[in-house]
Amino acid sequence: MNAPAEGSRTLLILNGPNLNLLGTREPEVYGEATLEDAIELASAAAERAGWTIESFQSNSEGALIDRIHAARGNAAGIVANLGAYSHTSLAIADALAAVNIPVVEVHVSNVFAREGFRHHSYISALARTVIVGAGIDGYRLATEHLTRSLPSTV
């Protein structure tokens, strides 16, 4: 099982490709809420529990890997919506495994009601929990789950 960064009460909200377009990209699939709206939900949930969040979004696989590496020793948990990289990136999965930080995987849409290639995620096997199809509320649910499940002495 993954262990949190000792003494940290910070969660990293990690967002992959095209999530910067949330709210305008295929609103019939992803809804009209923006990534900023999702981060606000997560921030409010973290604040209620006495935690803080840092958020990072990139369309670049390498930048996401670098940010995962930087979370080592700094973040107690990661809420990860890696978009299409969830289904394709062994490198990101390897980075998450290497840093040994608890992860909750989030997908705004129900990936199991979509194209077959979206049904497999390299991240799911590493995640404590996977939240799919809850819209941006998945960010709040993931944040609440981590703040409740991580040791209170973190």
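Modeller: Let us begin with contacts, meaning heavy atoms within 4.5 Å. Of the contacts in the chain between residues at least 6 apart in sequence, 80% join residues at least 24 apart. Please note that this is a predicted model, in which local features need pLDDT of at least 70 and side-chain atom pairs count only at pLDDT 80 or more, while totals for chains, interfaces and linings use all residues. Residues are numbered from 1 along each chain as its sequence is written, and side-chain values use heavy atoms, with hydrogens and water left out.

Colleague: How many helices and strands does the chain have?

Modeller: Helices (H or I, at least four residues) and strands (E, at least two) are DSSP runs, numbered from the N terminus. Here there are 6 helices and 5 strands, and along the sequence they follow the pattern β-α-α-β-α-β-α-α-β-β-α.

Colleague: In what order do the strands stand in the sheet?

Modeller: Strands of a sheet pair through backbone hydrogen bonds, either parallel or antiparallel. Two strands count as paired if DSSP finds at least two bridges between them. This open sheet of 5 strands has the order β2-β1-β3-β4-β5, with parallel pairing. Its edge strands, β2 (52-57) and β5 (129-132), each pair on one side only. One of the pairs joins β1 (residues 10-15) to β3 (residues 77-81) over 5 bridges, and Asn 15 stands opposite Asn 81 in β3.

Colleague: Which strands does helix α3 lie across?

Modeller: Angles run from 0 to 180 degrees between N-to-C directions, with axes fitted as lines to C-alpha atoms, for helices over the stretch in contact. Helix α3 (residues 61-71) lies across β1 and β2, and runs at about 170° to β1.

Colleague: Which residues have the most contacts inside the largest nonpolar core?

Modeller: In soluble globular proteins, nonpolar side chains tend to be buried together. A nonpolar core is a set of buried Ala, Val, Leu, Ile, Met, Phe, Trp, Tyr and Cys residues joined through side-chain atoms within 4.5 Å; buried means under 20% relative accessible area, with a 1.4 Å probe and protein chains only. The largest core has 22 residues, and Ile 13, Ile 53, Val 79 and Tyr 139 have the most contacts inside it. Its largest share, 5 residues, comes from α2. Apart from this core lies another, of 19 residues, including Ile 78 and Val 103.

Colleague: What does Ile 13 touch?

Modeller: Leaving aside residues up to four places away in sequence, the residues that Ile 13 touches include Ile 39, Ile 53, Val 79 and Tyr 139.

Conventions: Buried < 20%, exposed > 50% of the residue type's maximum accessible area, 1.4 Å probe, protein only.
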